[in-house]
Amino acid sequence: MSAANAQGGASVTRAPAVTRRPRKSKLGWNLLGLLVFVTAGFPVYWMINTAFKPAKDAIDPDPHFFPSTFTLENFKRALDIADFWGPVTRSLLVSTVVVVIGIAVGLLAALAISRFAFRGRKIVIVGILAVQMVPLVAMIIPVFLMLNDLGQYDKLSGLIITYLTFILPFTVWTLRGFIVNIPKELEEAAQVDGCTPTGAFLRVVFPLLAPGMVATSVYGFIQAWNEYLYALMLMSQQNQTATVWLGNFITKNGTEYAPMMAGSTMMAVPIVILFLLVQRKMAAGLTAGAVKG
């Protein structure tokens, strides 16, 4: 009896089972990530590779992954073939102004959609999504006619207005996602402590929203910087932007691929510098809202 009681009263403590992820699964994900990196990075590598190759090697039917001879003649040719700094300056000006106006207006619109209930709110949200689904090529003729009537054809201000038509909806929708992930109770607590609604937004919401604004600004800048179709159709050669400037390498004798890749490499420098300056804020913005508590 005592033995039975001893067996019945004894409690066996078992260590919790530890589930370990198989190494093969982890290796598979690493290989997949490496494949994605190589697929996305190879065009960039090939652009830089071709930029430093002699012109004859750029059209060699038997290409080499590493240039046998490094040369800077392609960069010199790219700078001599046409005005380089003018188009780049215009692209920087247009992209910067578009981002500043887009963030300022988009933040107010996203805040209104996220924090206030008003009649037609759902219609506005659906309208923002619908605008982003319209192909840009479908709006060329209406945009041209409108800018011509307003006297904004072949002007940087007209190009800025045009870019805002597709960057502003993207900005509003993206910032709305960031604002929704910020608990409204934080603003209410700040107002209880004596802050006005504006003060609560500036002191509580705005600092939390800053990384998301940086990430949105970078993507908006890239869209404006890389846009080609409207810049080609709405601007003359004297006011062309950097993307249209690359067309100068297509001549009647053929395409000068090596100088074109050198020009593309120089065009990528501002984007790389922008990423390096805001990479920490951008990383925080991309992960904002991933954990909600």
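Ring pairs join Phe42, Tyr45, Trp46 and Phe65 into a cluster, where rings of Phe, Tyr and Trp (its six-membered ring) pair if their centres lie within 6.5 Å, with planes under 30 degrees apart counted as stacked, over 60 as edge-to-face and the rest as tilted. The model is predicted, so local features need pLDDT of at least 70 and side-chain atom pairs count only at pLDDT 80 or more, whereas totals for chains, interfaces and linings use all residues. Residues are numbered from 1 along each chain as its sequence is written, and side-chain values use heavy atoms, with hydrogens and water left out.

The aromatic pairs number 14 by this rule. Phe42 and Trp46 are stacked because their ring centres are 5.8 Å apart and their planes stand at 25°. Both residues belong to helix H2 (residues 23–51), 4 residues apart, about one turn of the helix; helices are DSSP runs (H or I, at least four residues), numbered from the N terminus. Trp46 also forms an edge-to-face pair with Phe65, at 6.0 Å centre to centre and 70° between the planes. Since Phe65 lies in the loop between helix H3 (55–58) and helix H4 (73–81), this pair ties together parts that are 19 residues apart in sequence.

The mean pLDDT (the predictor's confidence in each residue, from 0 to 100) of the protein chain is 82, and 87% of its residues reach 70 or more. Over residues 6–11 the pLDDT is below 50, and this stretch has 0 contacts (heavy atoms within 4.5 Å) beyond near neighbours in sequence. Where pLDDT is low, the predicted coordinates should not be read in detail.

Conventions:
Helices (H or I, at least four residues) and strands (E, at least two) are DSSP runs, numbered from the N terminus.
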